[in-house]
Structure formats: structure tokens, C-alpha cells
Amino acid sequence: VAAYLYPYEWIIFDYSKIAIDRSPASPYFGNQYVFANAIRFDNGATGQGLFIVNPQKQITKHSEPWGNAVTSAVVGSRGELYAGMPSSNLGSYVTVETSLDGGSSFRESYVAPSRGYFCGAKVSTQNNLWTLSYGGPQLAINNDGRLFAAWADNQGCVYDPNFEYESYGR
């Protein structure tokens, strides 16, 4: 995160997710992986960030080129780091980024196609604020190292002027 900001600059640590390597068999045992969206780095870059906190509490920062925020992260028994997110091309795929080197590099895998509908729902009838519903994916890993992913796959957006919040997914 930027060490210094001018008064007119913003800083956001949005949509943070954490995964901790808890396997003594892992070469990265004890590492904490913190993913966040909308980070401003010292070099002025903004985007997704990965912060790795090792057992000695040293922090390594990475700016990642992903187009969407990480929605879930898990660590396997041998230190494999998995980060799930909708793909950057308007959510048309469910994506898992995999690191086998403690978060230094990642390989992208498309898990499944997704319709990619993001239906904004109004937060209030008193203003124009709105929010996107959480679509996932949510990741889990079992003791055998099998990775599972679950996500919402909206079929479309429903716009209903009689509904209090105007639109929702179906």
C-alpha cells in the first residue's frame, strides 16, 4: 500500500480475502496471503494486490494484473495457493489462479463458463445507490487436496418497477 498519499488521493483496501498455510508439510507453512481490490501502490499503480505475511511478520507486496477481485482463497496441504474470481472479460468464466511457489507467480485456469450477468440492485428507494450481488466463486479444499468451487450463475436480470429495489438476478 502506498507509503505516502497527497490529500486529494484516495486509498481503498476493498474486498479483502485471506488464506493461511496451516500445513506443517508445506514449504510455506505459516504464510498468510491477503488479497485485496482497489489498492494504490507506491509506484502509483492501482489494482488488485496480494500481500504475503511470512511467519517472521515480513510483508511482501505484489500488484496482480487480474481484472476482477478475488472472491475466495484457500491453501492446499503442500502449499498450493488457489484464488477464485470471475474472469476479467465480464465474468464469462469462473476462474481459479493457482500458485505453486508461495504466491510469487500464478497460472490461470478457466473452471467453467458462466453467463456473466451482473444485476445491480438498488440499495434504497430514496437514492440511486446500487450494489452487485455476490456471485463467487467460493473455494474449498478437502484433506485429499481436491478443490471445490461454487458460484451463482444468474440467468438474467429482472427489472421490476413494482419491486422495492427495481432489479435483481434470477
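**View 1. Strands E6 and E7, side by side in a predicted model.** Let's start where strand E6 (residues 81–86) meets E7: the two run antiparallel and are joined by 6 bridges.

**View 2. The open sheet around E6 and E7.** From one strand to the next, the twist averages 20 degrees.

**View 3. Thr98 and its contacts.** Now zoom in on strand E7 (residues 93–99), where Thr98 lies. Is Thr98 buried or exposed? Its relative accessible area is 8%, so Thr98 counts as buried, the cut-off being under 20%. Setting aside neighbours within four places in sequence, Thr98 is in contact with Leu81 and Tyr82, and also with Ser105, Phe106 and Arg107.

**View 4. The aromatic pair of Tyr93 and Tyr110.** The structure holds 1 aromatic pair. Ring centres of Tyr93 and Tyr110 are 4.7 Å apart, and the planes meet at 40 degrees, so the pair is tilted. This pair links distant parts of the chain, with Tyr93 in strand E7 and Tyr110 in strand E8 (residues 107–113), 17 residues apart. How accessible are the two partners? Tyr93 is partly exposed at 33% relative accessibility, and Tyr110 is partly exposed at 46%.

Conventions:
Residues numbered from 1 in each chain as written. Predicted model: local features only at pLDDT ≥ 70, side-chain atom pairs only at ≥ 80, totals over all residues. Heavy atoms only, no water. Helix = DSSP H or I, 4+ residues; strand = E, 2+ residues; numbered from the N terminus. Buried < 20%, exposed > 50% of the residue type's maximum accessible area, 1.4 Å probe, protein only. Contact = heavy atoms within 4.5 Å. Phe/Tyr/Trp six-rings, centres within 6.5 Å; stacked < 30°, edge-to-face > 60°. Pairing = 2+ DSSP bridges. Axes fitted to C-alpha atoms, helices over the stretch in contact; angles between N-to-C directions.
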